[in-house]
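Dear colleague,

Please find below the structure I am handing over to you. My notes on its contents follow directly after it.

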Amino acid sequence: MPEIPQTTGRATAQEGPTQLSQRAYDRLREMAINYRFRPGERLNEGALAKELQISRTPLREAMHRLVSEGLLQSVGGRGFFARPLDVKEVCDLYEARLALETAIVRLACGRASRDWLEAMHGYLDRSVSAHESEPLERLLELDEGFHERIAECTGNLELLRMLRSINARIHFFRWVDMQGRRDNTQAEHRALIAAIGQGDAETAVGIAHSHVARRQDQIIDGIREGYARLYMGEGPQAANGEGPQAASGEGPQAASRVSNSPSPEDQ
């Protein structure tokens, strides 16, 4: 597993408990989202606290937050575990995303302003300019930003919060999926914004449904490919030197960060 980037910095006298917990949360969340901990393995709190240069109290506060968000697992008396690659959970999340996004699009058709539509066309133009040369991680960031902006258009902050939560939990699988859809995404996004701009809810919902929907066999194939990519040393942010060893446990500190204990499901 790769080292936590040095930008994390040392704890300072100016950092209170809340800041320390937030710093740990930010770093661990990024690692959990991108499966930079091996799926299903127990985390070594002592090694993580030492690496983040904080005590175990703010570290555990951060871990409990991630458990509540579905990004880590906690088993009483046994500690914290990286989430497994679970077919049922991923299928459920894609199904939830489909229901949520189509509801968001329907609402947006009645609430989109002219200013918002102009801003979205500008966003898509910027996305096109990045589309040819940017790594997949950046393209996925732009794609998530597109869908979250539609949620913001509804004015319903709860819908936006739920979408961001789902996006975080399927981020890795969408990174895998994006590799086969790079050339189609922009056209689908433009068609969706055009339908929203016309207030054509049925067309917009149909576009959103076909854009987001995945069959169970496609999801299972994506999970299999995800396993292969993780254990080949590939993953989001690998281009920055932070991802290749995360799953294989071949990094210099992998053995200290992640124990060899079986996952909760194996007990």
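Predicted model: local features only at pLDDT ≥ 70, side-chain atom pairs only at ≥ 80, totals over all residues.

Tyrosine 35 lies in the loop between helix 1 (17–33) and helix 2 (45–52); helices here are DSSP runs of H or I with at least four residues, strands are E runs of at least two, and both are numbered from the N terminus. Residues are numbered from 1 along each chain as its sequence is written, and side-chain values use heavy atoms, with hydrogens and water left out.

Although tyrosine 35 is not a glycine, its phi is positive, at about 55 degrees. Most residues other than glycine have a negative phi. With a relative accessibility of 3%, tyrosine 35 counts as buried (buried is under 20% relative accessible area, exposed over 50%, partly exposed in between, with a 1.4 Å probe and protein chains only). Glutamine 53, in the loop between helix 2 and helix 3 (56–68), likewise has a positive phi, near 60 degrees. Glutamine 53 is partly exposed, at 33% relative accessibility.

Turning to charged side chains, the structure holds 17 salt bridges, each being a side-chain nitrogen of Lys or Arg within 4 Å of a carboxyl oxygen of Asp or Glu. Among them are the following.

- Glutamate 202 and arginine 106 meet in a salt bridge at 2.9 Å, N to O. Because glutamate 202 lies in helix 10 (residues 201–212) and arginine 106 in helix 4 (residues 87–111), the pair ties together parts that are 96 residues apart in sequence. Glutamate 202 is exposed at 55% relative accessibility, and arginine 106 is partly exposed at 40%.
- Aspartate 143 and arginine 174 form a salt bridge whose closest N and O atoms are 2.3 Å apart. Here helix 6 (residues 136–153) is linked to helix 8 (residues 171–178), with the two residues 31 apart in the chain. Aspartate 143 is buried at 3% relative accessibility, and arginine 174 is buried at 6%.
- Glutamate 152 and arginine 164 form a salt bridge with their closest N and O atoms 3.5 Å apart. Glutamate 152 is partly exposed at 44%, as is arginine 164 at 39%.

Finally, Arg27, Glu30 and Arg36 are linked in a network of salt bridges.

Yours sincerely
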